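Visitor: I have the sequence and the coordinates open and would like to walk through them with you. Could you start with a detail of the backbone and work outwards from there?

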Amino acid sequence: MSQFDFLKDELNGLKQKDLLRSLICVESATEPVIRIGNAEKVLFCSNDYLNLANNSQIIAAAKEAMDKFGSGSAASRLISGTAKPHIELENALAKMFKKQAALVFPSGYMTNLAVLQTIPQKGDLILLDKLDHASIIDAAKSSEAEFRTYQRTQFDRIEKFLASDEYNRKFIVTESVFSMDGDFAQLAKLIELKKKYNAYLIVDEAHAFGCMGATGAGLAEELGLLDEIDIVIATLSKSAGCSGGFVASDKCVIDYLINKARQFIYTTAPAPANSAAALCAVEIIKNAKDKRAKLKQNADYLREKLKNLGLDTGASTSHIIPVIIGDNKKTLEISKRLFEKGFFVVAIRPPTVAPGTARLRISLQCDHTKEQIDSLCQTLGEIK
Ligand SMILES: Cc1ncc(COP(=O)(O)O)c(C=O)c1O
């Protein structure tokens, strides 16, 4: 008996619907092969797409900064928490994204909250893709601006809202590579619309940063559209193999966030060593053409093999490839059987994805070998 039994009842309810979540402890650094308990597993659900989370140069940069600046920042950025590595990282990110300035946050989630709670204001409208990440949805819900959603190619619906004179300013917010489906936003079309109606475009490059574009800045860079994005958001916790999030835009946007964003003002600054590590990662990413090419090659190869097995990979065109199963229980079972056979592929269920679309979310790393991918497909073919 516990005074919290009311929570247990709810947890039991989740279990009955195959929606209960629990933690798995990894006992090694993040690499394509990790150790869990006494067994090795080939990891196919990491967002460390360029395999940088255990990179020796980045670790050395973090160690050097830790020796110099210590283990923590000890205050918020506006008190005594701003250290040289934060500024150096922000300058490097601004330059990479061809913006006037950038600002780093402790996480990508906080970055989305900060931007959408602070920049769009009362009387404004935030237009969201229905499948935008939870951090974007949560941020829009907690903003004083109103929000509406659209489905990926519902351009007439977007246009209807943009044309409305009910709102002061209008902000379209989209991921560039969608985190659960691995498809791309229609950036060129969204830019056309935002220009036509004098709106703003905010793009979260969380899953494209590092992986796409000549210098790894993301999908907008790949498409030659970086200049057209008004506010770029991304994380340092996926391809950069570190942690944190950032925003890059006009200097007045960054100055405004420094002065107004509660997620910036009322939290301790990221550890300087973390920013030093991220700066090193950014330098590696700029020159990681070969890693990007290998990542794409791995993704194209796996997607084709999964399709040949008759599996539903949805709309994926990137290094994120869902295998859509539908039923929660079946998805969990397949994930469990894969685990027993040495593959770690997590089952993604509602509310992360829509009911009836439970899936294995396979994510590739540039250092996955052809043999590891072949072996995953062979096992999936046997147990599907
Ligand atoms: C599109 C998108 N934005 C933001 C985030 C949050 O980033 P972080 O994990 O750094 O908080 C994620 C993933 O977690 C994401 O997929």
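Guide: Let me begin with Asp18, which counts as partly exposed because it has 17 C-beta neighbours inside 10 Å. Please keep in mind throughout that this is a predicted model.

Visitor: Where does Asp18 lie, and what is its phi?

Guide: Asp18 lies in the loop between helix H1 (5-16) and strand S1 (33-36), and although it is not a glycine, its phi is positive, at about 60°.

Visitor: And Lys98, what's phi there?

Guide: Lys98, a residue other than glycine, also has a positive phi, near 55°, and it sits in the loop between helix H4 (84-96) and strand S3 (101-105). Lys98 counts as partly exposed because it has 15 C-beta neighbours inside 10 Å.

Visitor: Which residues does the cis peptide bond join?

Guide: The cis bond joins Pro350 and Pro351, with omega at about 10°, and Pro351 belongs to the loop between strand S12 (347-348) and strand S13 (358-363).

Visitor: Switching to the big picture, what domains does the assignment give?

Guide: The domain assignment gives domain 1, made of 16-50 + 289-383, and domain 2, covering 56-286. Taken over C-alpha atoms, the centres of domain 1 and domain 2 are 26 Å apart.

Visitor: How many residues are in contact across the two?

Guide: On the domain 1 side there are 19 residues, in contact with 16 residues of domain 2. Helix H13 (289-308) and strand S10 (320-326) are the elements that give two or more residues to the side of domain 1 that touches domain 2, and S10 supplies the largest share, three residues. By residue class, that side of domain 1 divides into nine nonpolar, seven polar and three charged residues.

Visitor: What about the largest nonpolar core, which members touch the most others?

Guide: That core has 117 residues, and those touching the most other members are Ile126, Val173, Ile202, Phe246, Val247, Ala277 and Ala281. Helix H12 (residues 272-286) contributes the largest share of the core, 10 residues. Domain 1 and domain 2 both give residues to this core, so it lies between them.

Visitor: Take Val173, then. What is it in contact with, leaving aside its neighbours in sequence?

Guide: Setting aside neighbours within four places in sequence, Val173 is in contact with Leu116, Ile126, Leu127, Leu128, Asp132, Ile136, Ala140 and Ile202.

Visitor: I also marked Cys211. Is it buried or exposed?

Guide: Cys211 counts as buried, because it has 28 C-beta neighbours inside 10 Å, and its place is in the loop between strand S7 (200-204) and helix H9 (219-222). Not counting residues up to four places away in sequence, Cys211 touches Tyr49, Ser239, Arg292, Leu295 and His319. The C-alpha atoms of Cys211 and Ser318 are separated by 9.4 Å, while the two residues are 107 residues apart along the chain.

Visitor: Now helices. Which residues of H14 are buried?

Guide: The buried residues in H14 are Thr331, Ile334, Ser335 and Leu338, and they cover an arc of only 100° around the axis, which puts them on the same side of H14. As background, an α-helix has 3.6 residues a turn, so residues three or four places apart point the same way. The face of H14 turned away from its buried side carries the exposed residues Lys336 and Glu340.

Visitor: What covers that buried side, and how far does H14 reach?

Guide: The cover over the buried residues of H14 includes S10, strand S11 (343-344), S12, S13 and helix H15 (370-383). H14 (residues 328-340) has 13 residues and reaches 19 Å from its first C-alpha to its last, close to the 18 Å expected at 1.5 Å a residue. Just after H14 comes Gly342, with a positive phi of about 100°.

Visitor: And H8, which residues are buried there?

Guide: In helix H8 (residues 187-196), the buried residues are Leu187, Leu190, Ile191, Leu193 and Lys194, and these cover an arc of only 165° around the axis, which puts them on the same side of H8. Ala188, Lys189, Lys195 and Lys196 are the exposed residues carried on the face of H8 turned away from its buried side. What covers the buried residues of H8 includes helix H7 (155-163), strand S6 (170-175), S7 and H9. Just after H8, Asn198 takes a positive phi of about 60°.

Methods
Residues are numbered from 1 along each chain as its sequence is written. This is a predicted model: local features need pLDDT of at least 70, side-chain atom pairs count only at pLDDT 80 or more; totals for chains, interfaces and linings use all residues. A nonpolar core is a set of buried Ala, Val, Leu, Ile, Met, Phe, Trp, Tyr and Cys residues joined through C-beta atoms within 7 Å. A residue is buried if 20 or more other C-beta atoms lie within 10 Å of its own, exposed if 12 or fewer, and partly exposed in between; C-beta atoms are placed from the backbone. Helices (H or I, at least four residues) and strands (E, at least two) are DSSP runs, numbered from the N terminus. Domain bounds come from an automatic or database domain assignment. Two residues are in contact if their C-beta atoms, placed from the backbone, lie within 7 Å. Ala, Val, Leu, Ile, Met, Phe, Trp, Tyr, Cys and Pro count as nonpolar, Asp, Glu, Lys and Arg as charged, and the others, Gly among them, as polar. The expected span of a helix is 1.5 Å times one less than its number of residues. The arc is that of the directions from the helix axis to the C-beta atoms.
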